[in-house]
Amino acid sequence: MGNSLELDEVDRAILRSLRQNARMSLLEMSRKSGISDATIQFRLKRMKANGVIERFTITANPAATGYAVTAIMLVQTDTERHDQTVSALAKIPEITEVYGILGEYDLFVKVWSGSLEELNCLINDRIRSIEGIEDLHEMVVVERVKEETPPV
């Protein structure tokens, strides 16, 4: 969060409604929550201005958009090239998440592809060739049990 903003139950109710359906109108949200639409509008603007709401977006079905295969990778980097490695990984469109982690590996990376063959090419041709990658541990996801935004 950019600036510190204390969230009360009204703010959290608005965020929960948007988390369920970001296209919900202010009027519909007002009817469901009992909060006036003017209050909702004011609170939304305030939360956006304070960095509580980063963006409004959609969630597309990965298989419907041609990305049926998900892989999780643990990456060990060369300490001197760590920042450049992170930057290079973040530029690859098929990589949607890059996290710095503690432990034996330095990064946790989420990768999407259309097939196992495409994933293999992506890993071998584009990811392994990045300077600063010392070790890579790949895991192919076989089932998405739960995937959602953090709770509010």
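**Overall picture**

Of the contacts in the chain with a separation of 6 or more, 68% are between residues 24 or more positions apart; a contact means heavy atoms within 4.5 Å. The model is predicted: local features need pLDDT of at least 70 and side-chain atom pairs count only at pLDDT 80 or more, while totals for chains, interfaces and linings use all residues. Residues are numbered from 1 along each chain as its sequence is written, and side-chain values use heavy atoms, with hydrogens and water left out.

**Chain**

- The chain holds five helices and four strands, where helices (H or I, at least four residues) and strands (E, at least two) are DSSP runs numbered from the N terminus.
- Starting at the N terminus, the order of elements is α-α-α-β-α-β-β-α-β.
- The radius of gyration of the chain is 20 Å, whereas a compact globule of 152 residues would have one near 15 Å; the radius is taken over C-alpha atoms, and the globule rule is 2.2 Å times the number of residues to the power 0.38.
- The C-alpha trace spans about 55 × 35 × 25 Å along its principal axes.
- Of the 152 residues, 31% are buried, a term for under 20% relative accessible area, with exposed set at over 50% and partly exposed in between (1.4 Å probe, protein chains only).

**Largest pocket**

- The largest pocket contains about 1,600 Å³ of space.
- On a 1 Å grid over the protein atoms alone, a pocket is an open set of points where a 1.4 Å probe fits, with protein on both sides within 12 Å along at least five of seven lines; lining residues have an atom within 4 Å of a point.
- Grid points are joined across faces, edges and corners, and the volume is the space filled by probe spheres set on the points.
- The lining of the largest pocket has 37 residues, and Arg55, Thr57, Ile58, Thr59 and Thr149 lie nearest the centre.
- Two or more lining residues come from each of helix H1 (9–20), strand S2 (95–100) and strand S3 (107–113), and H1 gives the most, with four.

**Two residues**

- Serine 17 is part of helix H1 and is buried, at a relative accessible area of 13%.
- Leaving out residues up to four places away in sequence, serine 17 touches Met24 and Met29.
- Valine 75 belongs to strand S1 (residues 69–77) and is buried, at a relative accessible area of 0%.
- Leaving out residues up to four places away in sequence, valine 75 touches Tyr105, Asp106, Leu107, Val109, Ile133, Asp135 and Leu136.
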